[in-house]
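Student: Before we discuss how this fold is put together, could you show me the sequence and the structure?

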Amino acid sequence: MEKVTGIGGVFLRARDPEALAKWYLDHLGIEGPGPSIWRQEAGPTVLMPFPRDTNYFGRPEQQWMINFRVADLDAMVAQLEAAGIAVERRDEWDSEIGRFARIHDPEGNPIELWQPSD
């Protein structure tokens, strides 16, 4: 069976696409559309459907949430908070698979940050 080899893109609607792309570049280091393309490091990726009534994503109308791997969650959290971005941490989110934090982009989309366990 032929399989996909990775995520080729994440596409979302935005009130101000250029400003949102700049936010992702400035705060998460993700290069968006243009002359450069963000190159990911190899690592685990999870595709996990949730029940329709989950509250894990936040707003009931939110249909998806992206999860980005990070090497040092504490450093990323400090960087985001220094930029005035609210970061949420909950002990129950952390487990044997790693540590997690949550932010929202300027459009209100939830972003989960994940530092996988060694």
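Student: Which residue in strand 3 stands opposite Gly 98?

Tutor: This is a predicted model, in which local features need pLDDT of at least 70 and side-chain atom pairs count only at pLDDT 80 or more, whereas totals for chains, interfaces and linings use all residues. Residues are numbered from 1 along each chain as its sequence is written, and side-chain values use heavy atoms, with hydrogens and water left out. Strands here are DSSP runs (E, at least two residues), numbered from the N terminus. In strand 3, the residue that stands opposite Gly 98 is Pro 116.

Student: In what sense do strand 2 and strand 3 pair?

Tutor: Strands count as paired if DSSP finds at least two bridges between them. Strand 2, which covers residues 98-104, is joined to strand 3 over seven bridges, and the sense of their pairing is antiparallel.

Student: Which residue takes a positive phi in the hairpin of strand 2 and strand 3?

Tutor: In this hairpin, five residues lie between the strands. The phi in question is near 90°, and the residue that takes it is Gly 108.

Student: Over how many bridges do strand 1 and strand 3 pair?

Tutor: Strand 1, made up of residues 66-69, pairs with strand 3 in the parallel sense. Within strand 3, Asn 67 has Glu 112 as its bridge partner, while Arg 69 stands opposite Trp 114. The number of bridges over which strand 1 and strand 3 pair is four.

Student: Which residues make up the uncovered face of strand 1?

Tutor: The two faces of strand 1 have to be kept apart, and Ile 66 and Phe 68 belong to the covered one. The uncovered face is made up of Asn 67 and Arg 69.

Student: In what order do the three strands form the open sheet?

Tutor: The pairing in this open sheet is mixed, and the order of its three strands is 1-3-2. Strand 1 and strand 2 are the edge strands, since each pairs on one side only. Read across the open sheet, then, the order is 1-3-2.

Student: Why is strand 3 largely enclosed by the rest of the structure?

Tutor: A residue is called buried when its relative accessible area is under 20%, computed with a 1.4 Å probe on protein chains only. Strand 3 covers residues 110-116, and it is largely enclosed because, of its seven residues, the number buried is six.

How values were computed
Buried means under 20% relative accessible area, exposed over 50%, partly exposed in between (1.4 Å probe, protein chains only).
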